[in-house]
Amino acid sequence: MLLHVVNRSPATSRVYQQALAGMSPEDRLLLIEDGVQGALPQLVRYYAGLEGRLFALKEDLESRGLLGRCDASVQVVDVDGFVDLTEEAERTVSWY
Amino acid sequence: MATTAIYRYLAVDQDQYALDPEGYLVNMNEWSPEVAKALAEEEGITLTEEHWEILQVLRDFYARYEMAPAMRPLVKAVARTLGPEKGRSIHLMRLFPGSPAKVAARLAGLPKPTHCL
Amino acid sequence: MQEHHDDSDLLVILRHAPHGSSWLREGLDAALVAAAFGRRVSLLFMGEGVTALLRGQQLGPLGQKGTAATLEMLEMYDIETLLVEEQGLSRLGLSSDELMLEVECLSPSALARVLSGHRLVLTF
């Protein structure tokens, strides 16, 4: 299982498509930096099919005022959670 | 990587050739067999037929790929052009002691190979 | 599906077009350095990175070198596994027979398998 990390918003960048193309059915996806916009209910549709495997970084949501606006299907993790995700994965692949 | 910084000059007959800090020709178009001989002298190398054919392989490599090769691709290019006996690192080490890819590129008038330390 | 690229050490993913930025060149440099040190390297062209493989590339308008000559050099560094995202090609209306080198086209599921199969993945 790989952890894929996306730091660009699906509203402005097609990097999310590359991450999705690279994902195996058990891989996880973590949204960080501007990527956390993808956790909004209006944008989360880009990540359809990732239920239970889609995460967003709390600190980046918080700093952008988006913490309370996340779609319910997204699991919010803090930096410690990020570390846990990294440890649980064989490797991490960054998409930027 | 090719550098344009002039560090010193190599004198060949009446002419001066700009060299970068590592002794590579700043302007690779200035290369000539005489320049190669003078550069080789600095390395304590007397160029023989076996040296020249390697320098030619290097110049052909650069003309085709726009880059000076690291050791492995140099060995491969030499093997293809001059045969497997010569396409061995020991042969290149004997002709261009130390770091053959770098020394031979310098004598061939190429920039320093990018992909080796 | 062949498994030969699964045993290479390093997968370098190239996602940028030639001339527009230095990303492509930097990715190729990383691949060449690894290969020069004896690592087995595979390249995966994704997204607009597939345009790096188009035939007939030229110097930039100011005479800037492109990357086509470097791609032709890959075989001299024993980089022979060239993978291309099938969707990246079709999105641009391209097909693999328009490319300058022999490549293996990857369906979405094959692409994901390739990523899982490498010990080290670098994205450029």
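**Chat about a three-chain model**

Biologist: Where is the place of B:Cys116 in chain B?

Modeller: B:Cys116 falls in the segment after helix 5 (100-107) of chain B. Keep in mind that this is a predicted model.

Biologist: Which feature does UniProt place at B:Cys116?

Modeller: The record, an unreviewed entry, puts "active site" at B:Cys116.

Biologist: Is B:Cys116 buried or exposed?

Modeller: Buried: B:Cys116 has 20 other C-beta atoms within 10 Å, and the cut-off for buried is 20 or more.

Biologist: And what does B:Cys116 touch, leaving out residues up to four places away in sequence?

Modeller: From chain B there's B:Ala70, B:Met71 and B:Ala101, and from chain C there's C:Ala36.

Biologist: OK, on to that B and C contact. How many residues does the contact take from chain B and from chain C?

Modeller: Chain B puts in 12 residues and chain C puts in 11 residues. On the chain B side, helix 3 (residues 71-82) gives the most, with 4 residues.

Biologist: What does the side of chain B that touches chain C have by class?

Modeller: You get 7 nonpolar, 2 polar and 3 charged residues on that side of chain B.

Biologist: Changing topic: how many residues has helix 2 of chain B, and how far does it reach?

Modeller: Helix 2 (residues 49-65) of chain B has 17 residues and spans 24 Å from its first C-alpha to its last, close to the 24 Å expected at 1.5 Å a residue.

Biologist: Which residues in helix 2 of chain B are buried?

Modeller: B:Ile54, B:Leu55, B:Val57, B:Leu58 and B:Phe61. Looking down the axis of helix 2 of chain B, the buried residues fall within an arc of 155°, so they line one face of the helix. An α-helix has 3.6 residues a turn, so residues three or four places apart point the same way.

Biologist: What covers the buried residues of helix 2 of chain B?

Modeller: The cover includes helix 1 (33-42), helix 3, helix 4 (89-95) and helix 5 of chain B. On the other side of helix 2 of chain B, B:Glu49 and B:Ala63 are exposed.

Biologist: Now chain A. How many helices and strands has chain A?

Modeller: Chain A has 3 helices and 5 strands, in the order β-α-β-β-α-β-α-β from the N terminus on. The radius of gyration of chain A is 12 Å, close to the 12 Å that the globule rule gives for 96 residues, so chain A is as compact as a globular protein of that length.

Biologist: What share of the residues of chain A count as buried?

Modeller: 40% of the 96 residues of chain A. As for contacts in chain A between residues at least 6 apart in sequence, 63% join residues at least 24 apart.

Biologist: How many residues of chain A are in contact with chain C?

Modeller: 10 residues of chain A, in contact with 13 residues of chain C. Helix 1 (15-22) and strand 5 (91-95) of chain A each supply at least two residues of the chain A side, and strand 5 of chain A has the largest share, 4 residues.

Biologist: How do the residues of the side of chain A that touches chain C divide?

Modeller: That side of chain A has 5 nonpolar, 4 polar and 1 charged.

Technical notes:
Residues are numbered from 1 along each chain as its sequence is written. Chains are lettered from A and ligands numbered from 1 in the order in which they are written. This is a predicted model: local features need pLDDT of at least 70, side-chain atom pairs count only at pLDDT 80 or more; totals for chains, interfaces and linings use all residues. The radius of gyration is taken over C-alpha atoms; the globule rule is 2.2 Å times the number of residues to the power 0.38. A residue is buried if 20 or more other C-beta atoms lie within 10 Å of its own, exposed if 12 or fewer, and partly exposed in between; C-beta atoms are placed from the backbone. Two residues are in contact if their C-beta atoms, placed from the backbone, lie within 7 Å. Ala, Val, Leu, Ile, Met, Phe, Trp, Tyr, Cys and Pro count as nonpolar, Asp, Glu, Lys and Arg as charged, and the others, Gly among them, as polar. UniProt positions are given in the numbering used here, feature names are shortened, and annotations may be inferred rather than shown by experiment. The expected span of a helix is 1.5 Å times one less than its number of residues. The arc is that of the directions from the helix axis to the C-beta atoms.
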